[in-house]
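Welcome! Please take a moment to look over the two chains shown here, and then read on for a guided tour.

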Amino acid sequence: MTPFTRIEGRAYPLGLSNVDTDLIIPAAHLKVVRRAGLGRYAFGTLRRQPGNIFDDPQFAGAPILIAGANFGCGSSREHAAWALADLGVRAVIAPSFSDIFSGNAFKNGIAAVVLEESAVQRLLEAAKLGDTLSVDLEEMQVVTNSGDCFGFDMDPFRRECLLGGLDEIGLTLASEAAITSYELRTGI
Amino acid sequence: MSQRPRTMYEKIWDAHVVERRPDGTCLIYIDRHLVHEVTSPQAFEGLRVAGRRVRRPDLVLAVADHNLPTTPRLNANGGPIVIADAESAEQLAALEANVDEFGIRYFESTAPEQGIVHVVGPEQGFTLPGTTVVCGDSHTASHGALGALAFGIGTSEVEHVLATQTLQLKQSKTLEIRVDGKLGCGVSPKDLILAIIGRIGAAGGNGHVIEYRGSTFETMSIEGRLTVANMSIEAGARSGLFAPDEKTFAYLKGRPLAPQAEDWDRAVERWRSLASDEGAEFDCSVMLDASDIAPTVTWGTSPEDVAPITGQVPDPESFSDHSKREAVQSSLEYMGLEAGQRLEDVEIEHIFIGSCTNSRIEDLRAAAHVLRGRKRSDRIKQALVVPGSGLVKRQAEAEGLDRIFIEAGLEWREPGCSMCLAMNPDKVPAGERCASTSNRNFRGRQGPGARTHLMSPAMAAAAAVTGKLTDVRELVKDDLGEMAA
């Protein structure tokens, strides 16, 4: 996984709340046996609307997406995270995330950054103007090019995995002896 | 072990901690892993690339459900019919190759045991009280109906569980949902869970595990509990738990994968101790009165967008929250509805009775009860009844339910996820409206541009008869006494 320290660029000003994973990637595109190549189908439903932000050249390749509360609700499909990653998104900023999506995002090197509603609104306005934002995981802050700065919190384990680009299965396999001992103790 | 009273969730959690890290992250043992064709191929590929094995193939059960067409699977000579869609066929072939390579138990798509993964797990006794159950599917929450800590995971986690039989997790908060009293005639567990989601919102359970408590849930059948637990995720909660009781034990006894003989008695003893202790504290509590619940339908594009069938489409201006106001406005445009429109005036073109929420025998009986001796409206273009598994299908046919559906003008299909999610040929065309017993009314969920109204099996059956959203209590006024029984 690519380590995440600091990313900088434009941001898709999506703003919608309750963005579900069907909206991020419709089920018709889940019929794949590989992870790559889903970016072109991301937000397919919204992309059918003329003037949508995902086909607006000024946001093409933006590494950040700004959304409303409860981003990524619904299905557990990791294809949503794969589609965002393939689209080039490395950080999503929202007032809250669904539990499953935020886990899937981290496992694919995407930072799910939680900020207060008012901060998200400010960033949304900046993003609409085409401002550049940066998400810094070492400093734990989001900064706009006009100087606004918003600090955020993140689970330490997830932060460590993101910063180091760590393979979680490899980490867990280091606990092999404890797993075996649990199996012997419980008789499963 | 601490002496303070513990919730059921804490008991199951504590019993599955393999290792606790200083930051509070725990390595949690996973007892049961359900696998289907859509969220597993990349996980198996990951194992192969890293040269890893499946640690405990004996704790994994695989079945295909999302992609399978629900049309007949065997030709006139009894041979299997190949899936026409090349991508679906490839995903199914990948699952079959993977279960073969890694030695995983698998129900073939033509086996009587095949069905929707969340119908199959409980039906086979694979899901047991007090176990941890995962699946690469958010509706894994269903299995909490039997007292299992069950939650949906992504594909990276599927790979993690295959390789290690564990997950790295942080403990969730607990949310008690207490409902007391008796549900009215024509009001089902589906109406109750829709009303609960309406009350707490689609994000109301984020970060929490729900425990359903109170007399309404105690008297509810296991199949009703499966419907309720199933939709915990629509309120944002990864899991929803019911304390196992005599109903749970009676449901599980004799199931093929449940403990047998003396093992059974020991297991029941253990399961009796799982319920939350007297005085255990929950992080939050929400209370509802069952007698307040009416047959409920959704009008928008989030499962929180609910109203009693006797109500109206809301006015976006009536919402105080700015972003919700915008969301409602945009939902109504997508749904083709006007603020203030009576829900009972909304016309329907499609009926879907099925999905992991409502495809069990009791669901089919409830729908058949409404449809017996009635005909589908001419306005209905397509009406599907899709049993949750081959075993449910056999049972329904033994009871003659298939005849009732067919005589009423509905189609009786093979088991699978069907029209719930538009991954197989069963879809709702753009701009058309479906009365659906599934769990999600998201934009495009049932097909690009499709408009979904969620409701109970009895309500979907009533909509099939009238061709519009209908209060089932009015339609079957004369036999309501029978329905209550």
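This is a predicted model: local features need pLDDT of at least 70, side-chain atom pairs count only at pLDDT 80 or more; totals for chains, interfaces and linings use all residues.

Two residues are in contact if their C-beta atoms, placed from the backbone, lie within 7 Å. By that rule, 43 residues of chain A are in contact with 53 residues of chain B. Helices that supply at least two residues each to the side of chain A that touches chain B are H1 (21–24), H4 (99–106), H6 (156–164), H7 (168–173) and H8 (176–186) of chain A. Here helices (H or I, at least four residues) and strands (E, at least two) are DSSP runs, numbered from the N terminus. Sorted by class, this side of chain A has 18 nonpolar, 14 polar and eleven charged residues. In that sorting, Ala, Val, Leu, Ile, Met, Phe, Trp, Tyr, Cys and Pro count as nonpolar, Asp, Glu, Lys and Arg as charged, and the others, Gly among them, as polar.

Residues are numbered from 1 along each chain as its sequence is written, and chains are lettered from A and ligands numbered from 1 in the order in which they are written.

**Chain A as a whole**

Chain A has eight helices and eight strands. Along the principal axes, the C-alpha atoms of chain A fill a box of roughly 60 × 40 × 25 Å. With 188 residues, a compact globule would have a radius of gyration near 16 Å, and the 18 Å of chain A agrees with this. The radius of gyration is taken over C-alpha atoms, and the globule rule is 2.2 Å times the number of residues to the power 0.38.

**The sheets of chain A**

Two strands pair if DSSP finds at least two bridges between them. In chain A, four strands in the order S2-S3-S4-S5 form an open sheet with parallel pairing. Strand S2 (11–13) and strand S5 (111–114) of chain A stand at the edges with a single partner strand each, so one side of each is left without a neighbour in the sheet. From one strand to the next, the twist averages 20°. Within this sheet, Ile66(A) has Ile93(A) in S4(A) as its bridge partner.

Another open sheet of four strands in chain A has the order S1-S6-S7-S8, and its pairing is antiparallel. Its edge strands, S1 (6–9) and S8 of chain A, each pair on one side only. Neighbouring strands of this sheet are turned by 10° against each other on average, direction ignored.

Here are some of the strand pairs side by side.

| Strand pair | Direction | Bridges |
|---|---|---|
| S3(A) (residues 64–66) and S4(A) (residues 91–94) | parallel | three bridges |
| S6(A) (residues 133–136) and S7(A) (residues 141–144) | antiparallel | four bridges |
| S7(A) and S8(A) (residues 149–151) | antiparallel | three bridges |

Which residue of S7(A) does Leu133(A) stand opposite? The answer is Thr144(A). S6(A) and S7(A) form a hairpin with four residues between them, and Met140(A) in the turn has a positive phi of about 60°. The hairpin of S7(A) and S8(A) also has four residues between the strands, and there Gly147(A) takes a positive phi near 100°. Gln141(A) has Gly151(A) in S8(A) as its bridge partner.

In chain B, the axes of helix H2 (residues 41–50) and helix H5 (residues 155–164) come within 8 Å and cross at roughly 50°. That makes H2(B) oblique to H5(B). Axes are lines fitted to C-alpha atoms, for helices over the stretch in contact, and angles run from 0 to 180 degrees between N-to-C directions. Angles under 35 degrees count as roughly parallel, over 145 as roughly antiparallel, 65 to 115 as roughly perpendicular and the rest as oblique. Gln42(B), Ala43(B), Gly46(B) and Leu47(B) in H2(B) meet residues of H5(B), among them Val158(B) and Leu162(B).

Helix H6 (residues 189–200) and helix H8 (residues 222–230) of chain B have axes that come within 9 Å and cross at roughly 25°. That makes H6(B) roughly parallel to H8(B).
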